[in-house]
Amino acid sequence: MFKSKYQAFTDTTSENVFQAKKQANPIMLVVFGYLMLITVGAVLLRLPVSTREPIDFLQALFTATSAVCVTGLSVLDISSTFTNFGDWVLVVLMQSGGLGIMTVSTVLILLAGMHPGFNHQSVLLSDFTQEGNVDAGKILKAVIPFTFILEAIGGVVYFTQFHDMPLYDRIFASLFQAVSSFCNVGFTLFPDSLVQFQLNPVMNIVTCILVLAGGFGFLAITELQYAFDFRRKRFRKVSLHTRIATFGTMIVVAVSILVFTLTEWGNSLAGLGFFDKMQSTFFMAFTSRTAGLNTVDVPGLCASSLFFFIVIMFVGANPGSCGGGIKITTAAVISLLGFNRLLGREKTQVMGRTIPETTVDKAVRIFVVAIVVITLATLILLYTEIPAGIGFNENGTPFLKILFEVVSAYSTCGLSMGLTGELSTVGQLVICCVMFIGRMGPLFLISAVAGMSKNTTWFAEEDIMVG
């Protein structure tokens, strides 16, 4: 009798513990990891050894958040504010934020001879692949070398271009720029971003390659890398994800080149030769989506160019990459949904395939969350940053300036019309939150979807008028 009661108690306790573990949200590990990294980074950047002149904690927090969230917005002049130690802190924050907290923590676990748990692996896999049956260790063994090799190659090329620097500064600047470009951060050690290298084809080409690789997505790059079977001399079948990611990227870049050429040919590019104009156009088309590096004066661009930048920043890069935005594949699914509905199709179809409704629903949620966050943040900044009765200033309408800043922060892009350094305390905190939500948004969504109960209550249908 006693044994049966004890056994029942043990079984009940074990079941409760199992349910508690099952209900634990693995996404919170990522959230707390990012928050911890941001906090530690802000403390380190606040140290006297990190700066040439004292900065307040909010400035350090903003800079750390921007680095970890791979954004590139800054209320400080990075080139003149931080010492070598502070710059090294930024490199670590950028690299950790670019690869992702889950990647870094999983690497540490594997190095310690342990095996990451199921929840740990599930979050990692959601960043790099849509499949759930891939070993996390294999992903890391491919992601880490790929990242460091590309950054090393980029650093070597940058080294050949930084002629007017002492040896140590030249080496570090090359490393810093390679990490910033690949991770799509947008920080540079130059006060004018990369404007001074506008007519340098080597700098333009290597930066575009690093930015494209860092924002293309590991899964898509891996598939394209092995797309051609040299032994059988034929192309392997490529997943729908990779095809959409590839064609979507090509379309966004091509349209960006066309629009930027039409709008800026006689404006910011006036006075340049044909080759130099095309060079600047290609650079901005590749980097303005999510990298935040620029070779032209952004506030000097015409309003149509700035609005178009808002659109492509909102779209951003591909999933499983260092880039931000709602992602090209998300925008593609939303567009395909509308196109198929216009044709009267109940399913979202493309390239001879039907996209699952769960994926369509996820894309719609990502889109809606992004719109809500951007709208609320813009409303708050319009209230806190613009005095009453002010409608225009020398840089255009404040509304466009603020909307540009908010979308850049949410999309972790880093381009700015010059508002960042003018932000109030409330404005800085708002942009910090937007950068963090923009970086964590998809994970929050995955968490919400995973935590939803499957026991849905259905109500009676009743129609309404629309249109």
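## A walk through the predicted chain

M351 lies in the loop between β3 (348-350) and β4 (353-355), where helices (H or I, at least four residues) and strands (E, at least two) are DSSP runs numbered from the N terminus. Before going further, a word on ground rules: this is a predicted model, in which local features need pLDDT of at least 70 and side-chain atom pairs count only at pLDDT 80 or more, while totals for chains, interfaces and linings use all residues. Residues are numbered from 1 along each chain as its sequence is written, and side-chain values use heavy atoms, with hydrogens and water left out.

M351 has a phi near 55°, which is positive although the residue is not glycine. Most residues other than glycine have a negative phi. M351 counts as partly exposed because its relative accessibility is 35%; the classes used here are buried for under 20% relative accessible area, exposed for over 50%, and partly exposed in between (1.4 Å probe, protein chains only). T412 also carries a positive phi as a non-glycine residue, in this case near 50°. You'll find T412 in the loop between α17 (398-410) and α18, and at 1% relative accessibility it counts as buried.

Now zoom out. The chain has 18 helices and 4 strands. Of its 467 residues, 50% are buried. The chain exposes about 23,500 Å², with carbon and sulfur atoms supplying 68% of that area; accessible areas come from the Shrake-Rupley method with a 1.4 Å probe, and for residues only the protein chains shown count as cover. Take the contacts (heavy atoms within 4.5 Å) with a separation of 6 or more: residues 24 or more positions apart account for 68% of them.

A search of the whole structure turns up 11 aromatic pairs. To pair, rings of Phe, Tyr and Trp (its six-membered ring) need centres within 6.5 Å; planes under 30 degrees apart count as stacked, over 60 as edge-to-face and the rest as tilted. One of the pairs is F162 with F197, a tilted arrangement at 5.8 Å centre to centre and 55° between the planes. F162 sits in the loop between α8 (136-161) and α9 (167-182), and F197 in the loop between α9 and α10 (201-216), so this pair ties together parts that are 35 residues apart in sequence. F197 also pairs with F190: their ring centres are 5.3 Å apart and their planes stand at 70°, so this one is edge-to-face.

Elsewhere, W88, Y168, F172 and F176 make up one aromatic cluster. There is a charge over a ring as well: R170 lies over the face of F159, 4.1 Å from the ring centre. That label applies if NZ of Lys or CZ of Arg is within 6 Å of the ring centre and within 35 degrees of the ring normal.

Next stop is S321, in the loop between α14 (303-315) and α15 (328-342). With a relative accessible area of 14%, S321 is buried. What does its side chain reach? Setting aside residues up to four places away in sequence, S321 touches G214, G215, F216, G217 and R439.

F216 leads us on to T246, which is in contact with F216 and L224 once neighbours within four places in sequence are left aside. T246 lies in helix α12 (residues 240-264) and is buried, with a relative accessible area of 16%.

Finally, Q428 belongs to helix α18 (residues 425-451). Q428 is buried at 10% relative accessibility, and beyond residues up to four places away in sequence it touches L58, Q59, F62, V75 and L423.
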